[in-house]
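Thanks for coming. Please have a look at the model on the screen, and then I will go through a few side chains.

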Amino acid sequence: MWLTGALVCAVLPTAALAESESLSQGNANILWTLMAAFLVMFMQAGFAMVETGFTRAKNAGNILMKNVMDFGVGSIAFLFVGFALMFGLDVGGVFGASGFGLSGVTPATPDGQWTLTFWFFQSVFCATAATIVSGGVAERTKFGSYLIVSLVLSTIIYPISGHWCWGSLWLGDSGAGWLEGMGFTDFAGSTVVHSVGGWIALAGAIVLGPRIGKYSPDGKAKAIPGHNIPLAALGVFILWFGWFGFNAGSTTTADGTIGYIAVNTSLAACAGAIGAMIMAWIKFGKPDTSMTLNGVLAGLVGITAGCYEVAPSGSILIGLMAGFLVVLSVEFIDKVLHIDDPVGAVSVHGVCGAFGTLVVGLFAAPGYGDQVGLFYGGGISLLLVQLVGIAVVFAWAFGTGLVLFKVIKAVCGIRVSETEELKGLDITEHGMESYNGFQIFTTE
């Protein structure tokens with residue numbers, strides 16, 4: 001074999017060899033990016049299982065429908081409009097303005113093949129941001145109204161703030177947004193994806209109000225347990241598995257960095273589980289299962305921004321702190337703010353996404369990514385840029401989400417009736433039961 005290779009090298013000019021190597025690397029990049037996209041798409045199943053398990057049986061089918069249609073509606077909207085706003089030629093650092101409907105893409109060329117691959121990878125990220133919202137507004141939202149939210153999120157809200165942070169990923173500097181021009185760093189989307197979904201979920205939960213029976217007349221929070229914790233646990237493991245595509249796939253390059261990104265991703269999830277378990281044990285006297293499961297997700301969300309930038313030791317600390325934080329945040333939002341978030345979406349994705357983005361400015365380690373954090377002598381500048389990015393994306397996502405939910409509420413209504421909520425959305429919104437013959441409505 002070495003002789004064959006030597007003969008090929010002797011026959012082929014240097015330029016031809018370089019072109020061949022470039023083509024091979026390009027094909028490897030496409031293969032890796034597609035495999036990662038498949039993993040991220042499978043995360044839709046994970047979100048569906050987590051949200052279904054953490055809510056009541058009478059709403060299981062409604063949760064599943066929302067997770068299906070987030071991907072269905074959102075992908076088509078992202079194809080025709082959202083992708084161009086996010087990655088097209090930059091207009092003032094604010095939004096893109098080319099590539100609508102992927103016009104001009106020729107699949108017979110390497111550039112066209114890469115663009116289609118890149119679009120698919122980014123479409124599953126868009127679906128992730130959209131599906132986060134469904135958990136925060138679960139069990140009391142009109143299905144048709146929710147579809148409008150998903151459509152607007154995928155078409156406008158997510159792509160515009162995404163352009164600020166990631167605009168250069170398709171067209172290079174000609175597509176760069178204003179935040180990335182400042183040096184804002186969010187490698188795989190703690191803020192771009194997760195916080196955007198979490199902050200819109202927060203807006204929706206505020207406009208909708210709490211589920212019936214969630215708070216007593218004196219304002220005391222009452223637990224509304226989910227109906228299937230094993231199903232939720234399965235969803236968490238699916239998400240953990242899919243997250244290797246989410247984080248390592250964000251290289252969109254088949255090279256050695258994907259190995260340490262995967263290591264950082266898993267270590268943070270492990271530490272998140274430990275942190276949440278310890279905090280729940282301290283606060284409640286028992287190692288709560290649902291809090292520990294959310295701790296895994298908190299660790300994953302927390303490391304997503306810095307998975308390329310931090311060392312394994314940093315990923316453990318980030319995951320551990322995210323696990324502590326998610327328990328405190330869930331308690332604060334529920335018992336102090338009196339905002340009803342059935343699955344903890346705001347805490348896991350919004351709060352821990354912001355936290356994970358911020359600590360890149362502290363833990364970015366020399367020899368890993370492109371940045372150096374404060375703890376490694378990099379100064380405070382990156383930390384300040386991260387703060388700016390977190391703040392403006394919060395203002396955009398929460399502000400537009402609040403307006404969107406209020407407009408829908410005024411125009412066509414956002415919440416089902418009391419009778420429909422008590423019966424469950426499976427029957428009243430979809431005309432079916434997820435668990436036929438097991439539903440008893442007189443108890444609620």
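**Side chains and rings**

I start with Gln386, which is in helix α15; helices here are DSSP runs of H or I with at least four residues, numbered from the N terminus. This is a predicted model, where local features need pLDDT of at least 70, side-chain atom pairs count only at pLDDT 80 or more, and totals for chains, interfaces and linings use all residues. Residues are numbered from 1 along each chain as its sequence is written, and side-chain values use heavy atoms, with hydrogens and water left out.

Gln386 is buried, at 0% relative accessibility. Buried means under 20% relative accessible area, exposed over 50%, and partly exposed in between, with a 1.4 Å probe and protein chains only. Leaving out residues up to four places away in sequence, Gln386 touches Gly183, Phe184, Thr185, Thr357, Leu358, Val360 and Gly361; contact means heavy atoms within 4.5 Å.

Now the rings. How many aromatic pairs does the structure hold? There are 20. Rings of Phe, Tyr and Trp (its six-membered ring) pair if their centres lie within 6.5 Å; planes under 30 degrees apart count as stacked, over 60 as edge-to-face, and the rest as tilted. Phe363 and Phe375 are edge-to-face, because their planes are at 85°, with the centres 5.2 Å apart. Phe363 lies in helix α14 and Phe375 in the loop between α14 and α15, so the pair ties together parts 12 residues apart in sequence. Phe363 is buried at 8%, whereas Phe375 is exposed at 53%.

Elsewhere, Phe78, Phe83, Phe87, Trp114, Phe118 and Trp170 form one aromatic cluster.

How values were computed: Helix = DSSP H or I, 4+ residues; strand = E, 2+ residues; numbered from the N terminus.
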